[in-house]
Amino acid sequence: MGQAAVLIRPATPKYGEGLLFARYMDQAAEGFFGFMLGRNAERIIATAFSEPEHSLSFEHVVFAERDGVVAGMSSAFTGEQHRSFSEEPLKRAAGRSAFRMRCVRTLMGPLWRILNTVAEGDFDLQGMAVEPDLRGAGIGSLLMADAEERARGVGSARLCLDVAAKNEGARKLYARRGMVESSHWPASKLMPTVFVRMTKDL
């Protein structure tokens with residue numbers, strides 16, 4: 001049997017695709033969105049997904065389809081775009097959960113600030129995820145290649161991403177794609193590393 005075909009395509013602002021994106025983003029963020037937004041996290045993100053000009057917008061998302069079925073996604077944007085984003089679409093979608101979101105962001109202020117430092121010339125791979133039963137099938141590498149192509153297409157000098165220190169599988173994938181560990185958070189040698197920033201010059 002031949003290898004299944006994989007297509008990388010832009011997302012559309014459909015609610016169903018927003019639900020897929022929400023699930024993948026929470027997976028990529030190690031459950032952070034569920035923690036920040038509560039039990040309605042997927043609905044909230046899927047609602048905000050259809051609006052433009054924010055970090056969780058469909059505009060920045062591509063899906064990988066394997067034989068016509070979504071198998072993974074990536075979300076990425078430039079440092080310049082990042083600084084222009086509004087949080088209003090997510091706040092509106094969150095409704096009563098917006099208070100919880102503010103509390104979590106305040107509580108995790110130092111981490112939030114680090115995750116939101118993207119240099120002007122960088123292309124930030126905000127999140128990437130692949131269906132668990134399809135990992136190792138090359139889909140992650142195809143999504144990485146697409147992110148690099150998108151970065152070069154907008155003139156970015158470097159691809160960057162933040163990955164959980166404990167996610168060794170993802171770190172190995174990124175290293176195979178030529179990314180190097182450029183910083184760790186927290187920087188203190190007295191505390192265990194939580195996140196690793198990885199970069200690749202383009």
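Is Glu30 buried, partly exposed or exposed? In this predicted model, Glu30 counts as partly exposed, because its relative accessibility is 40%. The residue is found in the loop between α1 (15–28) and α2 (32–37). Although Glu30 is not a glycine, its phi is positive, at about 60°.

**Loop residues**

A positive phi, of about 55°, also occurs at Asp67, again not a glycine. Asp67 is found in the loop between β2 (61–66) and β3. With a relative accessible area of 58%, Asp67 is exposed. A further loop residue is Glu87, which lies between α4 (79–84) and α5 (88–94). Glu87 is partly exposed, its relative accessible area being 39%. Between Glu87 and Leu56 the C-alpha to C-alpha distance is 9.4 Å, while the two are 31 residues apart in sequence.

**Nonpolar cores**

The largest nonpolar core has 27 residues. Within this core, the residues with the most contacts are Phe21, Met36, Leu37, Phe63 and Leu90. At least two core residues are supplied by each of α1, α2, α3 (41–49), β2, β3, α5 and α6 (97–107). Helix α3 gives the largest share of this core, five residues. Leaving aside neighbours within four places in sequence, Leu37 is in contact with Ile44, Ile45, Leu90, Ala94, Ser97, Arg100 and Met101. Another core, of 24 residues, lies apart from the largest one; among its members are Val130, Ala147, Leu161 and Met198.

**Aromatic residues**

The count of aromatic pairs comes to four. One of them joins Phe32 and Phe33, whose ring centres are 5.8 Å apart; the pair is edge-to-face because the planes stand at 75°, and the cut-off for that class is over 60 degrees. Phe32 is buried, with a relative accessible area of 17%, and Phe33 is buried, with a relative accessible area of 9%. The rings of Phe49 and Phe58 also form an edge-to-face pair, with centres 6.3 Å apart and planes at 65°. Phe49 counts as buried, at 0% relative accessibility. Phe49 and Phe58 belong with Phe21 to one aromatic cluster. Elsewhere, Arg23 lies over the face of Tyr24, at 4.8 Å from the ring centre.

**Salt bridges**

Side chains of opposite charge can pair when their charged atoms come close. A search of the whole structure finds 13 salt bridges; the table gives some of them.

| Pair | N to O distance |
|---|---|
| Glu88 and Lys91 | 3.8 Å |
| Lys200 and Glu148 | 3.1 Å |
| Arg197 and Asp162 | 2.8 Å |

Glu88 and Lys91 are separated by about one helical turn, because they are three residues apart in helix α5. Glu88 counts as partly exposed, at 40% relative accessibility, and Lys91 is partly exposed, with a relative accessible area of 30%.

The salt bridge of Lys200 with Glu148 links distant parts of the chain, 52 residues apart. Lys200 is in strand β7 (residues 195–201) and Glu148 in helix α8 (residues 139–153). Both Lys200 and Glu148 are buried.

In the salt bridge between Arg197 and Asp162, Arg197 lies in strand β7 and Asp162 in strand β5 (residues 158–164), so the pair ties together parts that are 35 residues apart in sequence. Arg197 counts as buried, at 13% relative accessibility. Salt bridges that share partners also join Glu148, Arg152, Arg177 and Lys200 into one network.

**Strand β3 and the cysteines**

Thr78 has its place in strand β3 (residues 69–78). This threonine counts as buried because its relative accessibility is 12%, and the cut-off for buried is under 20%. Not counting residues up to four places away in sequence, Thr78 touches Asp122, Phe123, Val154 and Ser156.

How many disulfides are there? The count comes to zero. Of the cysteines, Cys103 counts as partly exposed, at 38% relative accessibility, whereas Cys160 is buried, with a relative accessible area of 1%.

Conventions: Residues are numbered from 1 along each chain as its sequence is written. This is a predicted model: local features need pLDDT of at least 70, side-chain atom pairs count only at pLDDT 80 or more; totals for chains, interfaces and linings use all residues. Side-chain values use heavy atoms; hydrogens and water are left out. Helices (H or I, at least four residues) and strands (E, at least two) are DSSP runs, numbered from the N terminus. Buried means under 20% relative accessible area, exposed over 50%, partly exposed in between (1.4 Å probe, protein chains only). Contact means heavy atoms within 4.5 Å. A disulfide is a pair of cysteine sulfur atoms within 2.5 Å. Rings of Phe, Tyr and Trp (its six-membered ring) pair if their centres lie within 6.5 Å; planes under 30 degrees apart count as stacked, over 60 as edge-to-face and the rest as tilted. A charge sits over a ring if NZ of Lys or CZ of Arg is within 6 Å of the ring centre and within 35 degrees of the ring normal. A nonpolar core is a set of buried Ala, Val, Leu, Ile, Met, Phe, Trp, Tyr and Cys residues joined through side-chain atoms within 4.5 Å. A salt bridge is a side-chain nitrogen of Lys or Arg within 4 Å of a carboxyl oxygen of Asp or Glu.
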